Amino acid sequence: MNPFRRKTLAALALLLVPLRALAAWNKEAFGAKSAGEALKSLGIGASADSKDILIEAPQIAENGAVVPVEITSNVPGTRSIAVVVEKNPFPLVAKFDFSESALPFVKVNVKVGESSFVRAIAEAGGKYYTASREVKVTIGGCGG
Amino acid sequence: MADPMKIRTTVGAEYTEVRVLMVHPMETGQRKDSGGNLIPIHFIQEMSVKLNGKTVLEGQISQAVSRNPVFSFRLKGAKSGDKLEIAWLDNRGERNRTETAIA
Amino acid sequence: MKGALQLCMFAALAACSGLPEKKHFDEKDFGEIEALMMRDFHPRGSAKMDRIAPDALQKACNLADNAPSPEAAKALEAQQFSTIKFPSGNLMGDWKNGQKIAQSGRGLQWNDKPGAAGGGGCYNCHQLSPQEASYGTLGPSLLGFGKQRGTSLEMQRYAYGRVYNAKAYNACSQMPRLGYSGTLTEQQIKDVVAYLLDPASPVNR
Amino acid sequence: MKRLAVVLAAAFFSLPAPAQDAKKEIEKYQRMINDSSPAELFELEGESLWKKPQGPRNVSLERCDLGMGPGVLKGAYAHLPRYFQDTDRVMDLETRLLHCMMSLQGRSREEATRRVFGNEDKPSEMELLSAYIAGESRGVPMQPGTKHPKEIAAYELGRKLFFFRTGPWDFSCASCHGEEGKRIRMQDLPVLSEPASARPVVATWPAYRVSNSQFKTMQWRINDCYRQMRMPEPNFASELTNAVNLFLTTTGQGEPYRGPGTKR
């Protein structure tokens, strides 16, 4: 299947997604090629570094296909957490909105294309707080 | 492989930890199959977690989430027997929904 | 001090209390193992059954548990050295291609496409350029190899020979005989030599 | 036990500081992928396959005797490979499953071994069954067969094969798994002929591999090592692969099984 046909098929598939969806998937943000662009499309403004955002991730990952990342926000009133892998082709990985009894915490396995900073941006009371951890991706095995 | 969504809940003092394991290839569209041609992009885009019918968590995710995604969340005030419902929707419009009671 | 002393004494005792390591092979084993392998293996891709029987060098190293006597080692190394075909003139090729070869672990495996370029797999066992954090430690680090040793024709021959047939320098080395086995071509080995010696190569920066 | 402490202490102190951090960080990576691993999915799928009637006789594998009696699963994996009277052979899990597929289900060897190694889109029966059956031995100390003459002979043969150098790259298993504290790229290489290094390996195979989202068995592990040793392909469930498997498992015996594991 040549790339052009695959692109149109992918685009078509997106149109088929029913309008009343869950949290509507932000196509621009997830299609953005830089972290800055992605966050802007999410309406996330300047964010302050904060030690109340805890990121638990391995410093060295034997394989970039599965990198466990655990994020906790201790900023009171946190309503959402966005996860960004800065050097990925599409940096925005996920965005979680918390309400009712869900604590601002998430653990998820993500793909890290090459050694990069993994960044979390939390939103609380209209302000944004951020922290990041570097993950070195290495090649295991005999490369063959 | 069938598509069981495996949910495990652990009720703790401060919160209940919910761990959900989904079956999905989460294809980036960059991978080639053994024949050498590109496998089309195919990934879960949206997911939600409901407790006793009320949405407590909504996620927008991408192909950068690993294959067979594994998520963990924490719910305050959830007790055993409460109804937990997790649903996802992928970029091809396929859906999956699993309901369970908190252990 | 007493505790430490005791620890070393105990370690020495522990080391020699077990029976001396039983030799893994004696002569009669070879027939039995080769027959079993001929029965329990099958050819696939380029990996044919002629790879089962160990050659004279492998048999010698197996029998000596990879630690032949100095005389035996010298004889084996001389014999292996005679298998090296040194090209004439400059032995330094293109370090950029040398880097690709050092990164690639392909070559002679049953799933390697026939005719595809073989790889040296150097990073599996060696550190080479400082930028590559994912390097092996089975072999010594070759960081700054050319910077320390220069690029004399004599050093080029040493590097070329070592890649072509490592056993010519260390009889039972674990380093594969990349030229002798047909994994790398003459030009590929020259490119690896360049990657090791060329001042422009990241190995030497 | 003392000797072990001395050996371990020596190995740890011999690593330069940065390598120790790298080792600690990689161990953290392994811990984190272990507790958030999809391996469970393969166990579930394997359970339904164990109960699924198949083959000309249209029966399930639930009467298969894995060494502790027909259908007994608890701890069965932890006691394999072992000698089986009915086939007069030392057999590991996959070899025994093949035997049951043929003897109970009436399937031909050719059909049952057509696809013994799967891929991420379609795992093989052997992979799914291995996940389930291995999971049923969690907590049980690994104790393969070590007393029967054929078990002793298989162990000795496995040991020789482990050190046997041949093939175009002159490798034996010990070429990579023979020296403490070594690694290929960033992959640590356990010395599989040493109990201390072999135990954690034996206690976590078969395993889910995050790098390709596939579930891998011991027969695959031995098969793929021979591929990278540039050797021809070993026959599935052959005497040779069972001997190597028994040597490794015997060397690593005693450790409570804690798999199926999750690996790179």
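This is a predicted model: local features need pLDDT of at least 70, side-chain atom pairs count only at pLDDT 80 or more; totals for chains, interfaces and linings use all residues.
Residues are numbered from 1 along each chain as its sequence is written, chains are lettered from A and ligands numbered from 1 in the order in which they are written, and side-chain values use heavy atoms, with hydrogens and water left out.

**Chain D against chain C**
- On the chain D side, H7(D) gives the most, with 6 residues.
- By class, that side of chain D has 17 nonpolar, 8 polar and 14 charged residues (Ala, Val, Leu, Ile, Met, Phe, Trp, Tyr, Cys and Pro count as nonpolar, Asp, Glu, Lys and Arg as charged, and the others, Gly among them, as polar).
- In contact terms (heavy atoms within 4.5 Å), 39 residues of chain D meet 60 residues of chain C.
- About 4500 Å² is buried between the two chains, 56% of it from carbon and sulfur atoms; buried area is the accessible area (1.4 Å probe) that two parts lose on being put together, summed over both.
- D:Phe164, D:Arg165 and D:Arg185 lose the most area in chain D, together 19% of what that side buries.
- There are 5 salt bridges across this interface (a side-chain nitrogen of Lys or Arg within 4 Å of a carboxyl oxygen of Asp or Glu).
- One salt bridge pairs C:Lys167 with D:Asp170, closest N and O atoms 2.7 Å apart.

**Inside chain C**
- Chain C splits into domain 1 (2-67) and domain 2 (95-204), with bounds from an automatic or database domain assignment.
- The area buried between these domains is about 760 Å², with 53% from carbon and sulfur atoms.
- On the domain 1 side, C:Arg44, C:Leu57 and C:Asn66 lose the most area to domain 2, together 48% of what that side buries.
- The two domains of chain C share 1 salt bridge.

**The disulfide**
- C:Cys61 and C:Cys172 are joined by a disulfide, S to S 2.0 Å (the cut-off is cysteine sulfur atoms within 2.5 Å).
- This link of C:Cys61 and C:Cys172 is left-handed, with -90° about the S-S bond.

Definitions and conventions. Helices (H or I, at least four residues) and strands (E, at least two) are DSSP runs, numbered from the N terminus.
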